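Subject: A structure for you to look at

Hello,

Here is the structure I promised to pass on. Please open it alongside this note, and I will go through what turned up.

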Amino acid sequence: MGRYIGAAIKRREDPILLTGRGRYVDDIKLPGMVYAGFVRSGYAHARIVSIDLSRAVKHPDFVGALMPEESAPLPTWMRYKGLRAVPRYSLARGKARYVGEPIVAIASKDRYSLNDILESVEVEMEPLEPVVDAEKALEPGAPLLYEEWGDNIIMHSSFRAGDVEEALRRADLVVRRRYTNQRYAPTPIEGRAVLSYYDRARDELTVWDSTQFPHVLQTYLAEALGYPENKIRVIAPDVGGGFGPKSSVWQEEVSTIQLSLKLGLPVKWVETRREHLLVCGHERQQVHYIEAGFSRDGKLLAIRDKVIADIGVYGAFWTETQPVMVTMAAIPGPYNFTNYEYEIYCAVTNKAPYSPHRGFGRPVAAFVMERLMDDAARELGLDPVEIRRRNLVGPEAMPYKNVHGIVYDSGDYPKALELALKQARYHEWRSIQEEERRRGRLIGIGVAMYVEYTTPSSERLAKGLGWEVGGYDSATIKVEPEGKIVVTTGTASQGQGHYTVYAQIAADVLGAKLDDVVVYEGDSKNHPYGFGAWASRSTVAVGGAIIRAGEQLLKKMKAIAAHLLEANPDDLETSESRIYVRDAPERSVSFAEIATVAWRMPTKMPPDMEPGLEYTAHYEPKAFTTCSYAVHIPVVEVDPETGQFKVLEYHIFDDSGVVVNPITLYGQIHGAVAHGVGGAVYEELVYDENGQLLTSTFMDYLIPSAVEMFNMEIEHMETPSPQPGGFKGMGEGGAIAAPAALANAVQDALSHLGVTITDTPLKPDYIRRLIQSATPKNPRR
């Protein structure tokens with residue numbers, strides 16, 4: 001461990017962002033810039049009959065329009081058996097398939113008159129019958145989104161390991177449930193935004209975008225637009241949160257860029273909150289018909305699952321139907337069993353596209369598995385903790401390949417559980433619970449565990465998901481002539497603390513002063529090619545690349561220092577941006593002196609050594625994946641009259657490998673838990689039978705604020721991964737466990753009534769209905 005890795009260093013970004021000096025897409029102003037907006041479908045399913053711009057073009061601020069026939073095809077990079085290709089374009093062609101789908105893109109001189117112009121566009125549409133329920137979409141005779149398919153199944157897939165039928169036959173207990181999760185949105189503080197500038201004189205396209213992957217966007221735009229990639233530059237300035245959907249490419253982004261190319265003007269589009277809720281980042285919404293067999297002593301023998309997922313009109317570019325596939329790979333969690341089979345039906349409906357959302361299918365997996373464990377424990381008369389103890393993978397099994405083939409690289413799940421129980425005073429709370437129940441207070445203790453595979457390798461992405469992308473990322477380290485260090489990476493930050501964490505890693509590898517290191521990222525032309533920030537991968541993939549580049553750079557610097565000091569390179573050490581002889585520290589040379597020689601005085605370098613101090617390295621995990629995990633234990637109190645509950649305590653015990661910076665780690669966990677609480681309790685995208693979204697503003701789409709949130713107690717242990725630095729990802733973990741943990745806590749509070757929580761969100765009316773319909777029982781543990 002070096003001086004900086006593990007240190008609680010305040011984030012460098014914060015003074016800039018907190019004092020309003022951040023530079024987001026909407027802060028960028030260019031001469032002659034115009035503003036884009038979209039005429040959107042008011043129908044969930046309708047044929048486009050005609051479009052009339054005659055009134056719009058008369059408006060003094062009207063600049064131009066992009067029509068459906070000009071729209072660009074949106075290709076896919078995912079090839080997976082059973083996944084159907086979808087005809088996707090940057091504007092609706094022929095018919096609209098969800099409310100809010102963009103039909104016409106308009107450019108206006110003034111953003112405030114833009115709505116007037118949009119409202120003057122007349123679109124004649126022939127309404128068609130919509131289908132807004134995935135299970136109904138599978139029924140014979142259901143309205144078809146894509147008539148050429150003959151049904152509404154965008155992907156059908158199955159998996160089988162072991163002999164599930166025989167295991168269920170010999171099980172002492174078979175638990176059968178229908179578990180569901182609702183559809184909800186990521187709601188970053190900054191919505192999607194894009195500013196496109198086409199320089200006709202140079203034939204160059206520059207795009208500023210609130211994206212999670214500048215290089216991917218550059219490559220995708222070249223393919224979608226048929227435009228030379230070497231003339232496209234994508235810049236991600238400050239980005240106000242990503243949470244998944246900014247690792248997609250959307251119709252509005254491509255249409256805005258097309259308008260810029262057509263008009264030869266800078267064109268900006270900034271998403272409104274209503275637009276975000278209407279069309280962006282919809283995920284979760286799966287139905288699981290699950291059955292699981294257990295032995296009398298609580299051992300999990302087998303799981304069989306039939307899954308119906310509501311994909312909406314299609315899966316957005318980049319991830320397509322992958323959140324459902326990841327759900328199924330993540331269901332085994334930290335548990336050891338060998339019989340597992342499932343069948344997936346991904347159904348298209350007249351809703352907005354399915355797209356990435358923090359946790360990426362794993363919150364559904366944790367909810368299904370952790371609810372299942374609690375329900376089985378109740379049937380067997382076991383404590384919820386005890387049934388988990390009897391099924392956890394032990395540390396001696398690491399690296400462990402789960403029943404789905406996912407490799408867990410490292411970890412000690414039993415130890416983490418025991419330490420979490422001690423942290424939460426679990427047994428003390430059980431005693432308090434009994435005492436308080438006699439007084440009429442309903443207190444519940446929930447337990448939920450998960451394993452999150454992060455930083456998937458190229459092999460996992462290609463073979464497991466049919467994805468034509470790499471799992472590596474990149475970093476370049478340069479020591480400039482004055483001895484200061486510049487790190488550039490292939491990712492882009494959305495608030496994770498990259499500029500601090502990457503600097504800590506680089507400073508430790510090189511033995512530099514932290515203040516001597518600066519980090520830049522988010523520019524597809526000036527920074528090394530990478531795949532961006534998603535899958536909790538940045539610290540592992542980019543951190544590994546920084547370590548590799550730093551080691552090569554340091555080797556060269558030591559060779560130069562040894563030449564200047566007339567010493568053996570093996571006898572040299574670094575500290576505080578100096579290289580010195582181990583047994584004679586007075587003999588030393590600064591990074592600045594070495595860099596001056598390397599860049600400006602090559603004749604003083606060792607013979608046959610090339611000038612310069614700059615290295616680029618790429619890294620991806622040697623293992624299939626890198627797995628972090630955690631135990632969440634909330635304590636709640638339920639009001640039986642209203643169905644509301646409050647969180648009394650919330651404990652998290654996590655293992656994300658070697659921690660680079662505990663401040664940024666805990667910040668990530670806090671934010672992710674808040675995200676998970678939103679999905680567990682408050683957030684829901686509700687559609688009516690006509691496909692109209694009823695929750696399109698924050699007046700009716702609730703998110704937790706500081707008032708609704710609670711204090712969290714976080715403790716941590718380190719089981720280093722086998723990757724350079726021993727890092728693991730943890731950007732999404734809190735969002736994964738929170739819904740399951742809170743659902744288990746609420747059910748535990750109502751255990752004397754025998755209620756079963758099968759759905760989220762845990763809104764008061766849902767809990768109250770369960771209480772009212774329950775028959776009192778003796779709680780068993």
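Which residue is the bridge partner of Ile 579 in β25? Val 589 is the one.

Before the rest, a word on the source: this is a predicted model, in which local features need pLDDT of at least 70 and side-chain atom pairs count only at pLDDT 80 or more, while totals for chains, interfaces and linings use all residues. Residues are numbered from 1 along each chain as its sequence is written, and side-chain values use heavy atoms, with hydrogens and water left out.

Now back to that sheet. Three strands make up an open, antiparallel sheet in the order β23-β24-β25 (strands are DSSP runs of E with at least two residues, helices are runs of H or I with at least four, both numbered from the N terminus; two strands pair if DSSP finds at least two bridges between them). Because β23 (572-575) and β25 (584-590) stand at the edges with a single partner strand each, one side of each has no neighbour in the sheet. From one strand to the next the twist averages 35° (axes are lines fitted to C-alpha atoms, for helices over the stretch in contact, and angles between N-to-C directions run from 0 to 180 degrees). Helix α15 (residues 538-565) packs on the sheet and touches β23, β24 and β25, contact meaning heavy atoms within 4.5 Å. The direction of α15 makes about 115° with that of β23. Four antiparallel bridges link β24 (residues 578-581) to β25.

Elsewhere, β12 (residues 267-270) pairs with two strands that I would look at together. With β1 (residues 34-40) the pairing is parallel, over two bridges, and Tyr 35 has Lys 268 as its bridge partner. With β9 (residues 193-199) β12 runs antiparallel, over four bridges; there Val 194 stands opposite Trp 269.

β1 gives the most to the lining, with six residues.

Happy browsing, and do write back with any questions.

Best wishes
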